[in-house]
Amino acid sequence: MNLHEHQAKELLKKYGAAIQEGIAVESVDEAVKAAEQLTQSTGTQWYVVKAQVHAGGRGKAGGVKLAKNIEELKEKAGQILGMTLISPQTGPQGKKVNRILIAQDVYYGDQSAIKEFYISILLDRATKKNVIIYSTEGGMEIEEVAETHPEKVHKEYIDPLLGLQAFQARQIAFNLGLSGQAYKEMVNFVDKIYNAYIGADASLVEINPCLKTSDDKIIAVDGKISIDDNALYRQVELAEQEDKRELEAMEVEAMSYDLNYVKLDGNVGCMVNGAGLAMATMDIIKLSGGEPANFLDVGGTANAERVEKAFRIILKDPNVKAILINIFGGIVRCDRVAQGVVDAYKSIGNIPVPIIVRLQGTNAEEGKKLIDESGLKVQSAILLKEAAEAVKAVMA
Amino acid sequence: MSILVNKNSKIIVQGFTGKEGTFHAEQMIAYGTKVVGGVTPGKGGQKHLDLPVYNTVADAVAATGADVSIIFVPPAFAADGIMEAADSGIRVIVCITEGIPVQDMLKAKKAVENSSSILIGPNCPGVITPEEAKVGIMPGFVFKKGRIGIVSKSGTLTYEAADQIVKAGFGVSTAIGIGGDPIIGTTTKEAVELFMNDPETDAIVMIGEIGGSMEADAARWIQENGNKKPVIGFIAGQTAPAGRRMGHAGAIIGGKDDTAEAKMKIMSACGLHVVASPAEIGAEVAKHIK
């Protein structure tokens, strides 16, 4: 689960890390109030208006603007709220901005004393450790830095049993070229953000830029945090913060039915039991001349109710020209699934696209018979190869 | 001989009296697996499915001599269950549970590494040595005894592969579902190594998916060790978009090296027989077995 920037920064603050202060709002009136409040609490005279969407590249896309007084703030908040933000990470359709963050200006004072860094914490699967990745090249895409200046990307591996050690935090601060007060602040900052990463069951904490201010404070100016979905049961407060408007509407609906659905851009819908087989089925569709319209894992209990809900979700996608159902019956019996398909078909009425049902495993023959004798326009198959050929025929 | 489990394995079930544990223990027993008891804290001394229930894994091991454990404990407690099994000297721990938090698994993985146990999973279908022992949730009838080893990240794809192998006229020595999570016990490479050293396995089917570098690591190991047995490979997720989680928590394309395409290229270069379509696994196996 992804957090918005303002939620991520509040989380870091809760764990004791300093942040660029700000208030999230959803209207221009609220923005003005937030700005006044911010001036009172921080003394800031300028404000940064930042679009809150789950995508990077906001600055270049016009989603981050500086306002030097309340009049400008109204104007810029008005421009950003409701805009469709298009960046390389949003795809061509962009993302609607429903919420903005009014943040204090932190780039004050002697400009030559200000430095931007990059810091992130994530899981390194290869070493099975958490890793802190950091660089003096803040404000840029870290992938780009890794490509052009690999020597400027540093890594500190944290043993999960031992946790972050003081010498590691010192090493990071020194490698970032800090000394004096800023060095002490950074050691403390690293410690706090690591605690946030562990405490919140995060799968990613990325702070870019992490700023050394002209008066030697270390603060998070941006924050991107993802929470491990498997840990949401014990991160209830964070789970409640999820902004569902950021998700694909169909995915939210699927989630409410406990179906694992990811929308894609293709023309052949699919419904499969098991994540690996679902991905393999998408591959079969592609090899047969189609493009997968979705990933959909109906899970272990592919009964009539779930099949019907899965059908309805797939059919909402206007791009879908055919549907391939691929079930390997283990504990689930294929005749049950077949009955589910027939019942769902009858309940939905006239399904306008061709359907191919491939049933294999427990009671596969009985399942196939049920489909074949139903009189519905549904093709049946037992071997995966036959299903692939059926898709090919439909696509031709 | 096969690997990991056989007809002499003595198996206990952690989370024995729960719904999942009960259902699958019944299925395992019906298959002929030697289940000797189970563990549910607080229910020690009771009988369940005519078998003894123990409070702790240590008690169960002391009383039954169990060497294999299968875990059906809910996600919040499963990492603890793994560590308990490792601490009690269980040789092979199979964790079926899906949805264990990553930070919990990091600790459990370290605990297993510091013990003499082998962990399979979590979030996996388990291990089956056909006609000897089923320590998992797979449909037993799909697997016929033979000399092809299967290692796979995915459950239903394992069944698919086994079914094609059997329909092509062969059988399975042992099938291992290693699980689809980012942090798992036995890796693809470790499973392949077990099969390479097993005199009853003639060829290996290796099924992977997007995410991580396990398949590439295994492929390189196979080449460095002289490609002693034919390995047939398939990677699911050739059409998966980057950055989106595809069901399995580990199935997310992170960098350019963990795409299906990159993995397939490395596997081919290392002398593995890679199929683009999952429908071709059985036919490809037939090509490489005399």
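This is a predicted model: local features need pLDDT of at least 70, side-chain atom pairs count only at pLDDT 80 or more; totals for chains, interfaces and linings use all residues.
**View 1. Ser135(A) sits across from Val153(A) of β9(A).** Residues are numbered from 1 along each chain as its sequence is written, chains are lettered from A and ligands numbered from 1 in the order written, and side-chain values use heavy atoms, leaving out hydrogens and water.

**View 2. β8(A) pairs with β7(A) and with β9(A).** Strands are DSSP runs of E, at least two residues, and helices are runs of H or I, at least four, numbered from the N terminus; two strands pair if DSSP finds at least two bridges between them. β7(A), residues 115-124, runs antiparallel to β8(A) over seven bridges, and β9(A), residues 153-158, joins β8(A) antiparallel through six. Between β7(A) and β8(A) lies a four-residue hairpin turn, where Lys128(A) has a positive phi of about 55 degrees. Six of the seven β8(A) residues are buried (under 20% relative accessible area, 1.4 Å probe, protein chains only).

**View 3. Here chain A meets chain B.** Contact (heavy atoms within 4.5 Å) links 49 residues of chain A with 56 of chain B. The rule finds two salt bridges across this interface (a side-chain nitrogen of Lys or Arg within 4 Å of a carboxyl oxygen of Asp or Glu). Arg358(A) and Glu160(B) form a salt bridge, 2.7 Å from N to O. On the chain A side, elements supplying at least two residues each include β8 and α9, with α9(A) giving the largest share, ten residues.

How values were computed
Buried means under 20% relative accessible area, exposed over 50%, partly exposed in between (1.4 Å probe, protein chains only).
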